[in-house]
Amino acid sequence: MLLVLVLVGVTLVTISDRNGNSGIFARARTYARDVANPFQSGVHSVLQPVGNFLYGALNYKTLEKQNQLLRRQVAGDQGAAVQAMGEQAQAAQVLAQENLPYLSAIPSVAAQVVDLGAANFEQTIELDRGSANGLSVGQPVVSAGGLIGSVTAVSSHLSTVTLLDDPSVTVGVRVPGTGVVGAAVGEGEGNPLQVEDVNVGSHVSRGDDLVTSGLQLEHFPAGIPVGRVLSVSSPAGALQLAISVSPFADLVDLQFVRVLLWSPQTG
Amino acid sequence: MRASWARTVVKVALLLAVGILLQTTFGNDLRVDDFAPDFMMLLAVGAGFVGGPDTGAVVGFAAGLVSDLFLQSTPFGLSALAACLAGFAVGWAGNEVLRSRLFMVPLVAAGGTVLGVVLFVVLGYLVGQSQLVAGGGHWLAVLALVEACYAALFSLPAFVLMRVALAGPAAASGPLSAPTPGGTASGDLPNRRHASSRARPRRRARAGVR
């Protein structure tokens, strides 16, 4: 019995691995989400008070820190608002100089984050918009800070977004104003992104901002802010720089996001 | 006989459906340091503990398949393989090693869940899912620890529910087999009177060896 099940399992894994995000298993996953969605909503609404209480109890220190942080942020927001207006004007100028498309030129759908992903090995969030709202797999998702990930599964009224820090995500990035391009790869929740494929000697330094490169075959349009370079080092004997990047967007406390109705094919 | 099997299948299917609903809703609220419990792996381990190796493998495979339906970045069938092997291993160890004691339930649940996590990561890595180990050894150790604690915490209700669901022919071969439809319980979870009657000959046997 065990041997038969193992053989079936290996066969399923092999077929699924070859099909990627398409094929019968992707359709089965979409169908399962559609079927489960109303039941999940019901269970969630019933158990939410208990869940909130337990979450508060289990994450008391984190919530306390967040509370303190928010108090400091509110205190600093008044002064920052004036500064932000100036920075926004500067950012618009930089984008114009770089001939980058404004994100407002790309149609988008606002969505609310309704849940975290169910698994420990995936950095995902669930949105309350699905294929009925025009969403499809592969579309980029942004928040106020910048790129947060892309849609990796869609059912009729729900979609799953895999976040930038998921190790399976790779984003083509470049430093505006230079010809430096690379690939930012997720390293798990809370860890900075690592940029690969940047040769030693390239002009990248700490504090540089990175945007999506938008090169051919890229999954994201050009010019979406991705993150800021935290550190650049050149390991002995290495041909490529080791670059750490902190994402602009807060990937932990997401509430509302915007899905860009964009694909590499349609632009 | 066939009707009894059908009833068992329906009950196990319902239990797995409840498990995945709790996993995808309530489980997220129980995250500690961003690690959530794995109720489906717990049910697989419970099936092995209650029903024996074959039942553990079959129910574990089904539980894993249900889990796979709600995952995105890992191949379909990977959780099924891991849960199948974990359920089988717990069932096998239950025959050979474990004793029919209530206090073993949380220990078995914790150990079986850790085994399931390790199998998931190792098998995934073998088929090219290198992102599963990207968090590093410390991250995996914390994950396994948190999941083990949650498995121990929820083990008793999960195992009792699995025992009720497996009542019938599916549980006939296990060390803590479920009560038959006729009402005869062959396990001690939670039928402790029966456990003591089973334990006595074992003690005599040990004394005899000495």
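How many residues of chain B are in contact with chain A? In this predicted model, 48 residues of chain B are in contact with 45 residues of chain A, contact meaning heavy atoms within 4.5 Å.

**Interface between chains B and A**
- About 4100 Å² is buried between the two chains, and carbon and sulfur atoms give 66% of that area; buried area is the accessible area (1.4 Å probe) that two parts lose on being put together, summed over both.
- B:Asp29, B:Gln72 and B:Phe76 supply 18% of the area that chain B buries against chain A, more than any other three residues.
- The chains have zero salt bridges between them (a side-chain nitrogen of Lys or Arg within 4 Å of a carboxyl oxygen of Asp or Glu).

**Helix H3 of chain B**
- Helix H3 (residues 39–51; helices are DSSP runs of H or I, at least four residues) has 13 residues and reaches 18 Å from its first C-alpha to its last, close to the 18 Å expected at 1.5 Å a residue, where the expected span is 1.5 Å times one less than the number of residues.
- In H3(B), 13 of 13 residues are buried, that is, under 20% relative accessible area (1.4 Å probe, protein chains only).
- B:Gly52, with a positive phi near 95 degrees, follows H3(B).

**Conventions**
- Residues are numbered from 1 along each chain as its sequence is written, and chains are lettered from A in the order in which they are written.
- Local features need pLDDT of at least 70, while totals for chains and interfaces use all residues; hydrogens and water are left out of side-chain values, which use heavy atoms.

Technical notes. Predicted model: local features only at pLDDT ≥ 70, side-chain atom pairs only at ≥ 80, totals over all residues. Helix = DSSP H or I, 4+ residues; strand = E, 2+ residues; numbered from the N terminus. Buried < 20%, exposed > 50% of the residue type's maximum accessible area, 1.4 Å probe, protein only.
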